[in-house]
Amino acid sequence: MCTTYEEFCEKLDKLDREFDKKMEEQNRKFFADKPDESTLSPEMKEHYDKFERMIREHTEKFSKKMRDHSEHFKQKFKELLEQQKNAQFPGK
């Protein structure tokens, strides 16, 4: 359980970094299976390139969405800490 805002932020940032790393590892494994381009027809090469771009774009969008959620949770945690402080020490 996190007791400070800094601890909470660090845990979320760490999770975001781990998620980004895992996604990159998965993409690397996926793209490693791509056939040698010299064996592909121009149509298939175009297909693979388009598919690869699409995966990278979706990965970036998903990672951004995860970071946005983390920022939202950080803000909510900060608000809760402020409410708790105000409840414990009214008028300060």
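1. Of the 92 residues in the chain, 15% are buried, where buried stands for under 20% relative accessible area, exposed for over 50% and partly exposed for what lies in between, with a 1.4 Å probe and protein chains only. The model is a predicted one, in which local features need pLDDT of at least 70 and side-chain atom pairs count only at pLDDT 80 or more, while totals for chains, interfaces and linings use all residues. Residues are numbered from 1 along each chain as its sequence is written, and side-chain values use heavy atoms, with hydrogens and water left out.

2. The secondary structure consists of two helices and zero strands, these being DSSP runs numbered from the N terminus (H or I over at least four residues for helices, E over at least two for strands). The chain is more spread out than a compact globule, because its radius of gyration is 21 Å, well over the 12 Å that the globule rule gives for 92 residues; the radius is taken over C-alpha atoms, and the rule is 2.2 Å times the number of residues to the power 0.38. In keeping with this topic, the C-alpha trace spans about 75 × 20 × 10 Å along its principal axes.

3. Among contacts between residues at least 6 apart in sequence, 71% join residues at least 24 apart, a contact being heavy atoms within 4.5 Å.

4. Serine 70 lies in helix H2, which covers residues 42-88, and it counts as buried because its relative accessibility is 5%. Not counting residues up to four places away in sequence, serine 70 touches Leu12 and Asp16. The side chains of serine 70 and aspartate 16 are also joined by a polar contact of 2.9 Å, that is, a pair of N or O atoms within 3.5 Å, of which, within protein, one must be able to donate a hydrogen and the other to accept it, residues adjacent in sequence counting only if both atoms are side-chain atoms.

5. Serine 63 is likewise placed in helix H2 and is buried, with a relative accessible area of 7%. Leaving aside neighbours within four places in sequence, serine 63 is in contact with Phe19 and Asp20.

6. Histidine 58 is found in helix H2, but at 49% relative accessibility it counts as partly exposed. Between the C-alpha atoms of histidine 58 and threonine 39, which are 19 residues apart along the chain, the separation is 27 Å.
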